[in-house]
Amino acid sequence: MQLTAKPLQNNALLISICTPQFKGVEAKESLAELARLVTTLGFNVVGTQSQNLASTQKQNVLGVGKMAEIARLTGNRGEMEEDLDTEDLFDDESFGDMAFDAPIYDEMRFDDLPSENLPLYCADVVVFDCDLSPSQLRNVENQLGVEVFDRTGIIIEIFSRHARTRTARLQVEIARLNYLAPRLRESTSGNKERQMGKGAGETTLELDRRKVRDQIAELRRELVSVQHELKNRRSQRSELFSVALVGYTNAGKSSMMRALTGSEVLVENKLFATLDTTVRALYPTTQPRILVSDTVGFIKKLPHDLVASFHSTLAEAHDASLLLYVVDASDATFRTQLDVVHEVLGEVGVDDIKKLLVLNKSDQLSLEQQQALMEEFPDAMMTSTRNPLDVAKLHQYIVDSSQQDMIEEEFIIQYDAQGIIGEIRTSMSVIKEEYEYDHIKLTVRSNAIELARLKKRMQK
């Protein structure tokens, strides 16, 4: 019996396409991550579907039978025919001679609904765990009659909602328009006769495309200006020892930032809760100060445009004195996540900077699991931001690391040297003080740039 009741809004059905190059545990982990991404957008994941195919390049993405099944689960609201022959339900491309792993998903789960009340359909959003071409996206939407996203579209939508600063908003909007441009072309290219008036004028499509290009060009000019300002700010902090927290999204970087600096940074159990780089001073404070920055999280298959657009955001990592690779040690997939971090930072050009692997969220591990991880990663540090002793240990490691590059020197300063003593106490670490009749002898530790600046001022 066909139900006529309107389905709940924002119920998402996730689709995984397994290929010889992408299958098994990798596909399962990727689909689970997509579920978290979709949930971050506020959608309710009501089920999953999967199909084995040779590739994701076919025009209709899925086999005819699988598409018909999904059409039923979304209410047959599109152009998909309902009266398919039985043999049409078995697409040859999905049952070839290729060796695939055993099925790894439950086909369409409705865990919260009793079977006797199971509706004919309850999904009004379909999300593919792969990238779709503009024509593929259009074809699937036409056949299903519901909103369809690919993985890149979901990530860009999350970034658009979470961007706060001017820099992040500009970067995300550029990536969004680059993603939109070809889809705009595909969605209107079939209507070649639409023109502004008669004759050989510009088509509406051409005007729309030119408008998007102009928008991107203007945003890039504005972004260059903003990046120049940020570069000047970083240059002003260049003498200070800086630490950058890098890692996969939701690894606990913001919680660690709060623990190390005492600042009220946003902490949420969501993917990409932080997009904007935040810089704070290490607390308890040191002399000279040590800066800590929280950077945007990484993710598998991060859209290329977003990687490129966030290079300036990741410049904090590029300019850092120490990188803390933060991983969620309680996540069984953190090793592959760490590979993603290495890959993205390699694109940014971070190679020679000192690094420390921080196995975070150790409070969610047993003692046996902690011991096994420390044997596997002997140079790492096991931490939990909920344990003050762990935070203090990491704080001391950062301070000790900053001291390694400092130089110790002795200065004799006359008592009437206005401001110099105060400047030393503010910007340098005073190791020893000796008071004489007409001067004070200070033994200080600082970086070479600060010491050179002090010597120059004392000469004057």
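**View 1. Strands β12 and β13 pair side by side.** In this predicted model, β12 and β13 run antiparallel and are joined by 6 bridges. Strand β13 covers residues 439–446. Strands of a sheet pair through backbone hydrogen bonds, either parallel or antiparallel.

**View 2. An open sheet is built from β11, β13 and β12.** The sheet has 3 strands, in the order β11-β13-β12. Their pairing is antiparallel. Which strands stand at the edges? They are β11, residues 407–414, and β12, residues 429–435. Each has a single partner strand, so one side of each lacks a neighbour in the sheet. From one strand to the next, the twist averages 20°.

**View 3. Helix α13 packs on the sheet.** This helix spans residues 420–427. Which strands does α13 touch? Its contacts reach β11, β12 and β13. The direction of α13 makes about 25° with that of β13.

**View 4. Ser254 sits in helix α7.** The helix covers residues 253–261. UniProt, in an unreviewed entry, places the feature "binding site" at Ser254 and Thr274. Is Ser254 buried or exposed? Ser254 has a relative accessible area of 12%. Buried means under 20%, so Ser254 counts as buried.

View 5. Cys18 has a relative accessible area of 5%, and Cys130 one of 12%. Each value falls under the 20% cut-off, so Cys18 is buried and Cys130 is buried. How many disulfides does a search of the whole structure find? The search returns 0. A disulfide would need a pair of cysteine sulfur atoms within 2.5 Å.

**View 6. The whole protein sets the close-ups in context.** The protein has 460 residues, and 49% of them count as buried. Its secondary structure comes to 14 helices and 13 strands. Helix α7 and helix α13 are among the elements shown above. What share of contacts between residues at least 6 apart in sequence joins residues at least 24 apart? The share is 70%.

Definitions and conventions. Residues numbered from 1 in each chain as written. Predicted model: local features only at pLDDT ≥ 70, side-chain atom pairs only at ≥ 80, totals over all residues. Heavy atoms only, no water. Buried < 20%, exposed > 50% of the residue type's maximum accessible area, 1.4 Å probe, protein only. Pairing = 2+ DSSP bridges. Helix = DSSP H or I, 4+ residues; strand = E, 2+ residues; numbered from the N terminus. Axes fitted to C-alpha atoms, helices over the stretch in contact; angles between N-to-C directions. Contact = heavy atoms within 4.5 Å. UniProt positions renumbered as here; feature names shortened; annotations may be inferred.
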